[in-house]
Amino acid sequence: MRPDILNPLFAALTDLKGVGPQLAKPLTRLGLERVVDVLFHLPTGLVQRYPVDRLDQAQVGQQVIVTLTAQDYRSGRSPRAPFGVEAFDSAGDHVRLVYFGRTAGLAKKLFPLGEPRQVSGRLDAYGDMRQIVHPDHVGEPGEGEIATSEAVYPLTEGLTNARLNQLVHIALERRPDLAEWIDGPLLALREWPAWKEALTRAHASPHDAPARDRLAYDEIFASQVALMLIRQGLRNRKGRAITGDGRLTGALRLPFGLTGAQERVGREIAADMGRDTPMLRMLQGDVGSGKTLVALRAMLAAVEAGTQAALLAPTEILARQHYATLQAMLAGLPVTIAILTGRDKGKVRESTLMGLADGSIDILVGTHAIFQEAVSYRDLALVVVDEQHRFGVAQRLMLTDKGNRPPHLLVMTATPIPRTLLLANHGEMDVSRIDEMPPGRTPVDTRVVSVDRLDEVVDGLARHLAGGAQAYWVCPLVAESETSELAAAEERAELLRLRLGADRVGLVHGRMKGPDKDAVMARFQAGEIGVLVATTVIEVGVDVPAASLMVIEHAENFGLAQLHQLRGRVGRGAAKSVCLLLRSQTLSETARERLALMRDTNDGFVIAEKDLELRGGGELLGLKQSGDADYRVASPEQLVRLLPIAHDDARMFVERDGGIEGIRGEAVRLCLYLFERDAAVPLLRSG
């Protein structure tokens, strides 16, 4: 339960005076719904205003504060035309105040003719005339001082910087005095301010590095403590040792042998399962490295021991793909496998639920539906989570409550995660890595092509299909947008149908109903469709060996992780595979560097580290995709720099200072609740 002292910070913004439904809409778009959200919504810039008595004292381009008197209004020929207020300073020098949009009424209200007003805004030149477009402050002289320095915040339509500054002021007044949770010597060494002072300084200036670092450190430290407490709590819970006898894993008939890396990680997983402490292990392996086979062998060991296993996938497409793959691998073995997704209803669902409860189903594959309250298992001993970056810490914790005793947990990812982010978001887990590809997997030939060669690419696609091969064509959007020039899947599919034939082109995207997506995918897998146009719904799990060409439009708009995953959909058969990255004609230097990296390497771990270095605040691997473990205050640069310090301090807190029950415990508990990393607290106390 959250400590009472923090309750004022978690009050809804709509409880504050002056925040009604109209203002709540833009605030919600920015993710600002509670007082604490405003506190952690830090400024990105600073406006310096220069008070002047006369306009001649100011330079063009400066933000000025000056007293002006309106003498006339100037309307355009249409309601949409800009509206002008002709005003003069104390010396009689002219300036036009310009308002765009249907704002004539507002402008007249702000500037009644003949009455002086104190105005602030950017002084610009339009031809030989001075103008101020949309002044940011207008008021009667002496009504209230206009700040000469003001923080600038990320905004959205319907929210002004002045209004957000007012909310920040209210939020800052609600800060309670909190006990210090940072270790004293570290605080002194870094010369960081106290938490309360750090917030004041961080909102006063985005350039106050000690204050910003202090707040970033608090957030990173809270995450590290939470992960360590989760790990400690789960380790303290009694599990059970699971050891297979080899009768099922030995009976697997595979067309290829295990790689050395698969053998090694298999031994690590078996050793974990052989202990009565619940396994918490992440299995990292690049696209096509053979993670599914390793997971299957672990699940068969659980079945050999007379227990059940479950495989959790983030999407229905991936769940059904896994189900089909495992069915083929288990052909002829006395193992019962079933699938359960949110789409399964009626008798089929009831039959599956009965089979799980009576133990006649050995392995269950499905989406999050397999852990709903109505789903009970006779004896669940192993949970495998695929593409774990789609599931947050809280969801991972939920899985541990489904067995009679906490089941062993193995999470897999084909998205290589840099060491920094592994530590930041998955510090409660041990990590195994498959760093060797099975024989026969040839690297995908990746090329970067300008979008103005689109016709050539379509001609090449036609030749590719004529040779009996298949292809993917990925677009960033589902439907054409008036506000974006990015390629849309529906429009691209229509154009390709006109060029290649309606029966040769399929389309899948996230807005389609499950059965419709499945039907298109089934036709593509059966070879009835030559090219599959899609959004990133095919990013993971789709396995069609005959598909040997991947076209990604506007590739510069995808994260490196996504590009690497999408490229991994090809190169699964014997034919040489090609990935074409279609780029815009104009690219930033960073975008060029990222696409060049994709062209030059197929190593996902190299790509992951470079992604962290290049993308900064973009779609970082494991950050924006990590469910619970998002960082609102800490920037990627701060994460890399401060994480090792926070990790060591958190470990010292848990191991030396007695954790939550120690002297620092109450203060650190406040920190956990403040940054909403408190899932660890009840777990530890109930453990």
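**Entry: helix 18**

The rule I used takes 1.5 Å times one less than the number of residues. Helices here are DSSP runs of H or I with at least four residues, strands are E runs of at least two, and both are numbered from the N terminus. I then listed the buried residues of helix 18: Ala591, Arg594, Leu595, Ala596, Leu597 and Met598. "Buried" means under 20% relative accessible area, "exposed" means over 50%, and "partly exposed" is in between (1.4 Å probe, protein chains only).

**Entry: ground rules**

I noted that this is a predicted model, where local features need pLDDT of at least 70 and side-chain atom pairs count only at pLDDT 80 or more, while totals for chains, interfaces and linings use all residues. Residues are numbered from 1 along each chain as its sequence is written, and side-chain values use heavy atoms, with hydrogens and water left out.

**Entry: the whole chain**

I counted up the elements and found 22 helices and 21 strands in the chain. Its C-alpha atoms fill a box of roughly 95 × 70 × 50 Å along the principal axes. Of the 687 residues, 54% are buried. For contacts (heavy atoms within 4.5 Å), I took those with a separation of 6 or more, and 73% of them are between residues 24 or more positions apart.

The chain exposes about 30,000 Å², and carbon and sulfur atoms supply 50% of that. The area comes from the Shrake-Rupley method with a 1.4 Å probe, and for residues only the protein chains shown count as cover.

I also looked at charge: there are 81 positive and 88 negative side chains, and the centres of the two sets lie 3 Å apart. Lys and Arg count as positive, Asp and Glu as negative, and His and the chain ends are not counted. Each charge is placed at NZ of Lys, CZ of Arg, CG of Asp or CD of Glu.

**Entry: helix 7**

Next I went to helix 7, which runs over residues 209-236 and has 28 residues. From first C-alpha to last it reaches 40 Å, close to the 40 Å expected. Helix 7 is mostly covered, with 22 of its 28 residues buried. At its N-terminal end I found a cap: a side-chain oxygen of Asp208 lies 3.2 Å from the backbone nitrogen of Ala211.

**Entry: two positive phi values**

Glu191 has a phi of about 55°, and it sits in the loop between helix 5 (184-190) and helix 6 (195-204). Is Glu191 buried or exposed? It counts as exposed because its relative accessibility is 66%.

His554 has a phi near 50°. I found His554 in the loop between strand 20 (547-552) and helix 17 (560-567). His554 counts as buried because its relative accessibility is 12%.

**Entry: Asn557, in the loop with strand 20 and helix 17 at its ends**

Asn557 is also in the loop between strand 20 and helix 17. At 38% relative accessibility, Asn557 counts as partly exposed. Its side chain makes a polar contact of 3.5 Å with that of Glu556. A polar contact is a pair of N or O atoms within 3.5 Å; within protein, one must be able to donate a hydrogen and the other to accept it, and residues adjacent in sequence count only if both atoms are side-chain atoms. I also checked Pro476: it is 81 residues from Asn557 along the chain, with 7.5 Å between their C-alpha atoms.

Ala534 is in strand 19 (residues 531-534) and is buried at 0% relative accessibility. Its C-alpha is 7.4 Å from that of Tyr472, 62 residues apart along the chain. Setting aside neighbours within four places in sequence, I listed its contacts as Trp473, Val474, Cys475, Ala489 and Val508.

Lys291 belongs to helix 9 (residues 291-304). Is Lys291 buried or exposed? Lys291 counts as buried, since its relative accessibility is 9%. Arg433 is 142 residues away along the chain, and the two C-alpha atoms are separated by 9.6 Å. Beyond neighbours within four places, the contacts of Lys291 include Asp286, Met412 and Ile434.
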